[in-house]
Amino acid sequence: MEHTDTPSHSATPLADPTTGRHYGMDWLRIAAFAMLIFYHVGMGFVPWDWHVKWTGISETLRLPMLAMNGWRLSLLFVVSGYASAALFAKMTPGAFLRSRSARLLIPLVFGAVLIIPPQVWIDLMFNHGYARGYLAFWGSDYFRFGALGGIIMPTWQHLWFVVYLFAYTLALIGLHLLLGARGRALAAKAGSLLLGGPLLLLVPVAWIVARYTLVFPGLSDTHALVDDFAAHWIFLPMFLFGVLLRYSATLWTTIRQWWAGLALSALASTAAMLLIAWHMTGNPDWPMWLEIGYTALRSTQSWLVILALIGLSDRFWNRDHASRAMLNEAVFPFYIIHQTIIVAFIWYLRPLAMPIAMAFVLTMLVTTLGCCLFYRIGREVPVLRVLIGLRGWRVPPAPKPAAINLPAATG
């Protein structure tokens, strides 16, 4: 079981903790992972390269995918940073490290050994003409510790997020120990000043634009951790922003004051971005000025959507519900299994002739059902609970909804 006693340093990773639980951030975390499942289902039906593709391609579906493309992963790191900070506030650094190691590394190994291999096998068959059966692949090819068809195996595939989250957790613990109580307070104050008022928009957008135009132009994310500097440029600050958001009343004040304008601006920038993308469909030679403008617009849209969703979750979703605790717990098991279900189902669905829309909806339904079964079965079996990242060996009693007790965001 996790150590959950309040540590004697009752401070926090970066500042004094806020009181109460922000249910809106829980709902946003749930929604972020639900959108990820939608996005990964969509990857099988749009023109972009992926592990397996449906027999037809939908240009219409490409539009909502483009609308989500710039911010979906950043949002995951923001909500993960917020959740990590909330958990760390209840623990000593050692207890926090033990908890995160158990709930991230054990599922990572389990996933890499048993959950991920079917994806790789289907990818090799679909994209490289691999002809061996699954058992032969898993028994002799998957654990080769080398490349086959350009894929280095064994691999963590979509579980790269877990690897990065653990690495950023180590960075958070390191900052906590290095800065000390005074340093954490100063860091929180500096972060609030750096992102206060209009700077909450200007600084992050400039940072994102710099990644694509100045610092790492033309460099794609590798998801290999050690050489993925372009990804860390975005995802680590997003994680730390989530941590800071857990403690900064200044940031909450700005978001609460601007949420409506942020939401409208996010919609307007998304519409403008999609209009440009639709107009340039089929034309790979964008003028330089349009390419730069689109990059700036996409970067702005990404950050506006993240802030708008935080504002909306605070304004409308900050209330408890009987299903919240279960859904919040189910998020990680859903994440572990969802992509394997998607890839396998599309692969075996391909021989059937059906419209793209029907295939997409069916894939969504089967993926959701499969994720539910994986979670519901796994949560009842002690060993499986640990393997799928749930807390403890026993099913905890259902928590009673608690009253919301958030601090006034006036600092």
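The charged end of R72 sits over the ring of Y39, at 3.8 Å from the ring centre, where sitting over a ring requires NZ of Lys or CZ of Arg to be within 6 Å of the ring centre and within 35 degrees of the ring normal. A second case is formed by R246, whose charged end sits over the ring of Y82 at 5.9 Å from its centre. The model is a predicted one, in which local features need pLDDT of at least 70 and side-chain atom pairs count only at pLDDT 80 or more, whereas totals for chains, interfaces and linings use all residues. Residues are numbered from 1 along each chain as its sequence is written, and side-chain values use heavy atoms, with hydrogens and water left out.

A pair of aromatic rings is described by the distance of the centres and the angle of the planes. The structure holds 26 aromatic pairs, a pair being rings of Phe, Tyr and Trp (its six-membered ring) whose centres lie within 6.5 Å, with planes under 30 degrees apart counted as stacked, over 60 as edge-to-face and the rest as tilted. The rings of F33 and Y335 have centres 5.8 Å apart and planes at 75°, so this pair is edge-to-face. Because F33 lies in helix α1 (residues 23-42) and Y335 in helix α12 (residues 324-349), the pair ties together parts that are 302 residues apart in sequence; helices here are DSSP runs (H or I, at least four residues), strands likewise (E, at least two), numbered from the N terminus. Both F33 and Y335 are buried, a word that means under 20% relative accessible area, with exposed meaning over 50% and partly exposed in between (1.4 Å probe, protein chains only).

Ring pairs link F33, F77, W160, F161, Y164, Y168, F235, F239 and Y335 into a cluster.

Elsewhere among the helices, T254 lies in helix α10 (residues 249-279) and, at 6% relative accessibility, counts as buried. T254 touches G197 and L200, not counting residues up to four places away in sequence, contact meaning heavy atoms within 4.5 Å. A102, placed in helix α4 (residues 93-115), is partly exposed with a relative accessible area of 32%, and its C-alpha atom is separated by 9.0 Å from that of L387, a residue 285 places away along the chain.

The backbone geometry deserves a separate look. Most residues other than glycine have a negative phi, and most peptide bonds are trans. A cis peptide bond, with omega of about -5°, joins M153 and P154, and P154 is placed in the loop between β2 (151-153) and α7. Q157, in the loop between β2 and α7, has a positive phi of about 45° although it is not a glycine, and Q157 is buried, with a relative accessible area of 17%. F145, which is likewise not a glycine, has a positive phi of about 50°; F145 lies in the loop between α6 (134-141) and β1 (146-148) and counts as exposed at 67% relative accessibility.
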